[in-house]
Each structure stands twice: as C-alpha cells, then as structure tokens.
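Open the structure in your viewer and keep the sequence panel at hand. The tour below goes from one selection to the next and says what is there.

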Number of protein chains: 2
Amino acid sequence: MSPQMEIVEDAVIGIRHGKIALIEKPEAIVRLDAREIIDASGCLVIPGLVNTHTHLAMTCFRGLADDLPLMEWWNNHIFPAEMKFANREMVYNGSLLGMAEMLLSGTTTFCDGYFHEDAVSEAAIKAGIRAVPAQGFLDLPSPSPAKTEKNRKVAENFLRAWLGVSPLVTPALACHTAFTCGPDTIRAVKEIAAAAGVPFWMHVAETRDEVQLIRERQGLTPVRYLHSLGVLDPTTCAVHAVWVDDEEISLIAAKGATVSHNPESNMKLASGIAPVPKMLAAGITTGLGTDGCASNNDLDMFGEMNMAAKLHKAAAHDPTVMDARTVLRMATIGGAAVLGLDKITGSVEIGKFADIILIDLRKPHLTPIYNPYSHIVYACTGSDVKTAIVHGKVVMKDRALLTVNLPEAIEAVNKLAREIAAGMKIETRGRHDLIS
Amino acid sequence: MSPQMEIVEDAVIGIRHGKIALIEKPEAIVRLDAREIIDASGCLVIPGLVNTHTHLAMTCFRGLADDLPLMEWWNNHIFPAEMKFANREMVYNGSLLGMAEMLLSGTTTFCDGYFHEDAVSEAAIKAGIRAVPAQGFLDLPSPSPAKTEKNRKVAENFLRAWLGVSPLVTPALACHTAFTCGPDTIRAVKEIAAAAGVPFWMHVAETRDEVQLIRERQGLTPVRYLHSLGVLDPTTCAVHAVWVDDEEISLIAAKGATVSHNPESNMKLASGIAPVPKMLAAGITTGLGTDGCASNNDLDMFGEMNMAAKLHKAAAHDPTVMDARTVLRMATIGGAAVLGLDKITGSVEIGKFADIILIDLRKPHLTPIYNPYSHIVYACTGSDVKTAIVHGKVVMKDRALLTVNLPEAIEAVNKLAREIAAGMKIETRGRHDLIS
C-alpha cells in the first residue's frame, strides 16, 4: 500500500520497537537475530485493515431487530434498547467482544463512536488494537446553551483524560447528526477537536429523510449546512455521505474533508448508495467502515470490501468501477488517512508501526492465485486471517487471540444479551439455549 | 425449512440408511443406540445449502481476469482460456476442488454446467456431495442440423450413462444461451431432458446486450422466445433472469418455470439487478447460485445469501424486502425445488435424505444470538460450518474434509494454474511463489 504498491516476494519483515525496521530478501540478510520468528509461508502479508466507522457496543444488539422499516427499527427496537441498557459495563463488554471479532478478521485499527468511550479506550488497550475512540454527542431532548456547555466540558475532559495515554489510542470527538445536535454543540465540539488536533466526525446525509429534515430546519442540505458552520476541514470525516449532490462532493473535496463509506449498513437499512466513485474521482480521501452490529451484522472488513467493489459495479452498470486495488487502498491506507493516521499505519513500509496481518492462502477457496488483490477483495473472508500484529505485538496467532480471554468475553456479552432479551421482551424460543 | 419453519431446541436427530429417521427431544428417547454420535452443542443444525448454479471447472480461473469490461473479460481472457485449457482433466480437478470448497462452506447440493460433466459426476461421487451435473451445449461456430444431431447424441449418451448410477447424482442438460444455441438445439436438448424427467436450464436475459441480440435475431425478448420454443415448464430453470419485464415474470410463473438468482456474479460483471422480489411475489420458485469462480470469485453460499438480502433492500429502498427467512428458504428448500429435489433434500424433516450442516455459534462474530435467521444470512460465513453430512454420511467434520485429499486437490489445480498462467501470459510477479 505504498504509493507504488510494490509486491515483494519471499521477503523478511523485521520489526523493532513496534515499528517496521526492515523489508529484505532473505539472501540479503547476513544475520537473522530475532526474538520471535513468524513463518509466513503460503501467506499474503498485508497491512492490517482500518475500520473507519463502527459502534462496537452495539455488538450487544447484533441481530436484535432486522428486516424492519427504518423508523420501526430505530424507534421501537434500537433506541429503546440503548436507553435501557447502554451503560458503561455494556460499552466495555460489547466493545471488547467487537475488538476480538475485528482482530480475528484482520482489522488492526478502528474508529468508534458511542457514549462511555473511556471504556472503549480501556478495552482497546487490553485487546492491543489501535483505536480512535470518539466520544459521541447528542443534544437530547433538544439543543440549549446549557447542553452545549455540558457537551463542551465532557469533550474537553475526554480528550484531557486520553491524549498521550497510550500509543494505541487517539481520542476523538463526534456529533451524532445535524438533526440531533444543534449548531452550537456542533461548532463547540469541532472547535475542541481542532484545537487538540484530533479527528472529528458526524453521520452526514445517511438517509433522504435526514436531508429533507435538515433542509427544512436549516434551509440547507447537510453538507452545505456543515460548511456554513465552518466544520468541514481535513480532520472532519463525513460518515455515510449517501445523499450528496455533485456540488457537495466538490465542497467536501475543496475543504479536504474525508468520507467513511459503509456499504453493508447502507444496503441493509436501505439508506441508499453513496456516490463513492464520484468522490474518489474528486480526490476525496475515503475509507470503509462496517458500522455497528445492529446494521450489518458483523465487523468483517473483508465482507465490506467485497460489497463495496460489487455494489458500485452494479449501480454504475460498469464492471471496471471500484477495482480491487482501489477498494483495498480504501480499507488500508485510505482509512488510515481518514483517521489522520496514515503517517503511522495503513501500509507495510519501513518506519511505520507494524500493523500487519497474514492471510493464509492454502485453502480451496483461495486456490489458485493469479492476482492477490482479487483474492483479498473477492475471495477472502476474515477467517482467512491467520495472524495479526498491532504496534509490533502479535495479538492473534494461528487464529488464537493472545490478548483477550475469548470465553469470558463471549459470556460477558451473552449475560447482557439475556437481560436485553428479557427487558425487550424478545421472543427467544429456539435460542434460549444459545444465549443462556 | 419445513412449511411451518419450526425451530426445535436441544433436539436429537437420528439418521438411518442415509435418511432422517427421527427428530426428538433427548428425554423422549428411551435408548440411544447409534454407531456414531455427533455433539452439536452450541451449533445451529440446518439443511445443507443448495447452490443452483455454478461452473465448477472455472475454479481454475479464479481471479484470472477481474474488474474488466464484460466483452474484454470474455473475449480476451475467459473464452481463450477455456478454448485452450478446458479439457477433461481440468474439469475433474477444478470441480473436485470446487466441491471441497462447497462442502467446507456448507453447500451439500449443487447444479453445475460445463463440458465433460461425466468428470463432474465422478468427482461428486468421490467428494460425497449431491450433484446435478448438467452437460452443456453450444452451437459453435453456428447452428446447423448436423450440430443439433450431434448435440442430441451427446445429450442422450450423457443421460444414459448417468441416470441411476448413484443416489448422489441427478444428470441434467443445459443450453448455454439463446444466442449461442439455435432453436433446433434448444428444442432437441429440452425434449431429451423432459423425456428423461431431468432438469434443463439456460442462461437467460443475463445482460441487456443479450436481450437486444435475441430481439434482433428472433423478434422476441429471451423469455418470450423460449416460451415460443415451448421450453418453459416446471423442469426448466432460467439462470440469471436479470432483464425480464413484468409480463415475462408472469409468463415464467404461469408456466411453472424456475429461476436461479446469482447476485454476486450479476453485480461483479455489472450485468444488472434481477427483479427477485417481484418474482417471489409472482410465486416463481427461486433459488440462489454463486455462478463460477471467474465471476464471484468464491462458492460460498453464505456470502450469496448476505448479498441477496442486502442488494434488494438497496435496490428497492426498502429494508423489509428479502428478509432473512425468505433468503434462507431460497438457499435451501427453494434451491432444492429449482433442481426438482425438494422431496429428498432442502429441509431437516423425517424421511428426507440427511443433508445437514452444523454451524458453530461459539464465536465473537456470532455472539450474542437473538435471531438464528439473522445470524445465518447477515453474520455467518462458510468457515463457520463445523460439520457437513450428505446423504447420511459425514463428509466434513470439525473443518476436516473426510472424502477429498485436500493438499492433492489443491496441488492439482495449482499445477494447471501454472500452465494457464504461462499459456495466457499472465503477469505472475509477486505470486509465482504462491502458484508454484
């Protein structure tokens, strides 16, 4: 994923102090003196994947409510479940399980958005995954100066608490949407993020209804509205950006803002199809995201790549759109750039932190191989990832997680799920044996 | 997948003489006296998946040519590769590897179409998978009475050779398309299939160009043309059926013909989006298919389910379209009905052959579980299948194939791939170590 996208055969990659120190042919190495040697025979060695948008706590709601009209899904299921169950304990346990799932499927860096992001940060340090936890803000029940003041304090405290604590954690801030946050909160939160030099994001133009609502309230479409608030800049990411017109694409590009594309979530919720090929042509830095498990329902970035590559071919009636290399760049160096981390991760290059995954190719569905990019995007799934290294540390080896006690993490979420199922009066016939 | 779609908790399933003999609560069983007991704790036990359309030999071309314009893909890559390399040995080895991939990802029944289908039948018996190998016909370079006569002989000989040979194999016949086969061949091949009571299928209305071509040549759209030839009936399957109008949907429904929907292939080749929700509403028996590995690029029916469920939500702007149950029925009992096998497979019911898979739910990405259907369609991948049983025989157990020597099957295809790469002058930099 360097600019030249070289493929190096039979290389030795040396890691020192968490960073990639050497990429050489074995014959060029006089003395191989490593504390640990990982045999990558038969594997593709690629940068760990970057998930630019998720809500990890929502692993606790995986499959809770599917195939429903959007408003029913949100108003009658997800929102009440969050109101009732989204406490710090749920955020920690749901996030830790989500991190386990991500490491097991090749994601080594993610950006999260939820409440209690301090719990997400703690879980990330435990799991050994690179994290951009974004404390989320909402002006509920409605915007007010007091609410903005409170949000400002929470934002400042969150950044103060987490900046510089761990090389794995880059704290960030997020406003939920332009219809759940008032302009003062949006400006205040962005201002605090900008002052600290950390990422800021919002869900932007996810649905047609949202565009209509913002237009009615603000007299502008969402992207134009955010521009009018002065929040579009290179450290602002517009998540989803499904319903944006050509002028808005130019505006995002001109301001250097970035986009997180979440095709599986957008499809499952029938939100629409983001004009990603146009965004890429306009030069917008674009990454991929899985979104939360209530709208996907997994965190597998391989599935997201496959979907992104195929969806836009179908939408454009053009099989050359979103080729495998382009999509893989979005899922690695592109996503890293969205999060402001492309100087330290997103490619296997000397001097970057060693965020690396090994894909085991010795499987029927990955045989034969003519083109590694095609395999990664069109044939691999997360379960083909054999080993994952984050910041130079082996966190998953031969499919075994080394940082998280998996049975405990699973049981912690199953315990919460039993309470959620009871509290939400979910029909559990045929599954109580599985969640109990 | 019975009509009532019951979920039975903590059941014991008894298998005798290849068939499901018993489904009971353990406490109802006085004496458990089995030769082999498989512990399915923590698993979903569901019918094996049915792949209604593939070209298994094309596993040898997996990733050979992607992201290309359709005509360049076909004329400059796939067709020349087939002309040069599609011999009996390639069909056997490519198909055996494809069957290994299918069993490892939960498919227990498939319909194939290619040349040398006797080799596919032999491989299926070896792999222990239920097969509907369809000998394929083409009038190349152009239709002629002599060509039709030759096709008739090949068709009769193929059915004579394979009818009644193995309970796993139902031989079938296929005409490639209405533009590569003349009307006499189409009528002759269908007549022979009908006389033998075996399935017949054609690629139908896959692309807009095809519709245009058939209209120019025959004065009718593809479905109307096939109707005029008298070949639409309950044992005829229209594969793809992307570009069909409402009247054609009614015509397919009225004649009781079936449809194989291949969303990943249609998306990757940018063929279009088949109007499947309309077909289901019209009562058309519809199954799912992966298509060949040159246009997908895998044979994982879980991926196909996920794609089918999400694609049509996006296309219809309606998240309630193609719910998880509907999609799972298409991938099991629906597909079995497309192949005329719904009396013997496609559901876990007493009296049916035991074609069963176990999905291991004790994984982060399948935790927690509220709704098994959602999990199967939106969260599982083929690698979550722990054990596969076909015709009462355990063919894959704890992820190990028991019928196919996997390293040998992989090496046989890698050997062919080296020849193909050399013959097609494929740039193999960065991958010769992997295919050699």
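Start with helix H5 of chain B, residues 183-196. Its 14 residues should span 20 Å at 1.5 Å a residue, and its end C-alpha atoms are 20 Å apart, which agrees; the expected span is 1.5 Å times one less than the number of residues. Helices (H or I, at least four residues) and strands (E, at least two) are DSSP runs, numbered from the N terminus.

The model is predicted: local features need pLDDT of at least 70, side-chain atom pairs count only at pLDDT 80 or more, and totals for chains, interfaces and linings use all residues. Residues are numbered from 1 along each chain as its sequence is written, while chains are lettered from A and ligands numbered from 1 in the order in which they are written.

Stay on H5(B) and colour its buried residues, among them Thr185(B), Ile186(B) and Ala188(B). A residue is buried if 20 or more other C-beta atoms lie within 10 Å of its own, exposed if 12 or fewer, and partly exposed in between, with C-beta atoms placed from the backbone. The cover over these residues includes strand E6 (130-137), helix H4 (145-162) and strand E9 (236-240) of chain B. After the helix comes Gly197(B), with a positive phi near 70°.

Next, select strand E5 of chain B, residues 107-114. Of its 8 residues, 8 are buried, so the strand is largely enclosed by the rest of the structure. E5(B) pairs in the parallel sense with strand E4 (residues 49-54) of chain B over 4 bridges, and 6 bridges join E5(B) to E6(B), also parallel. Two strands pair if DSSP finds at least two bridges between them. Click on Thr109(B): it is the bridge partner of Val50(B), and its own partner in E6(B) is Arg130(B).

Now move to the open sheet of chain B, where 5 antiparallel strands lie in the order E3-E12-E13-E14-E15. Strand E3 (43-47) and strand E15 (400-401) are the edges, each pairing on one side only. Strand E14 (residues 393-397) is joined to E15(B) by 2 bridges, and Met396(B) stands opposite Leu401(B).

Both of those residues are touched by Leu103(B), which also touches Ala127(B), Ile129(B), Ala388(B) and Val395(B), not counting residues up to four places away in sequence. Contact means C-beta atoms, placed from the backbone, within 7 Å.

Then show both chains. How many residues of chain A are in contact with chain B? There are 67, and they meet 67 residues of chain B. H14(A) gives the most to this side of chain A, with 6 residues. Chain A can be laid on chain B with an RMSD of 0.0 Å by a turn of 180° and a shift of 0.0 Å along the axis, which is the relation of a two-fold axis. The copies are superposed by least squares on the C-alpha atoms of residues with pLDDT of at least 70 in both. To find the rotation axis, select Ser383(A), the residue of chain A that comes closest to it, at 3.4 Å (C-alpha).

Finish with backbone details in chain A. A cis peptide bond joins Leu140(A) and Pro141(A), with omega about -5°; Pro141(A) sits in the loop between strand E6 and helix H4 of chain A. Ala241(A) has a positive phi of about 45° although it is not a glycine, and counts as buried with 29 C-beta neighbours inside 10 Å.

How values were computed
Contact = placed C-beta atoms within 7 Å.
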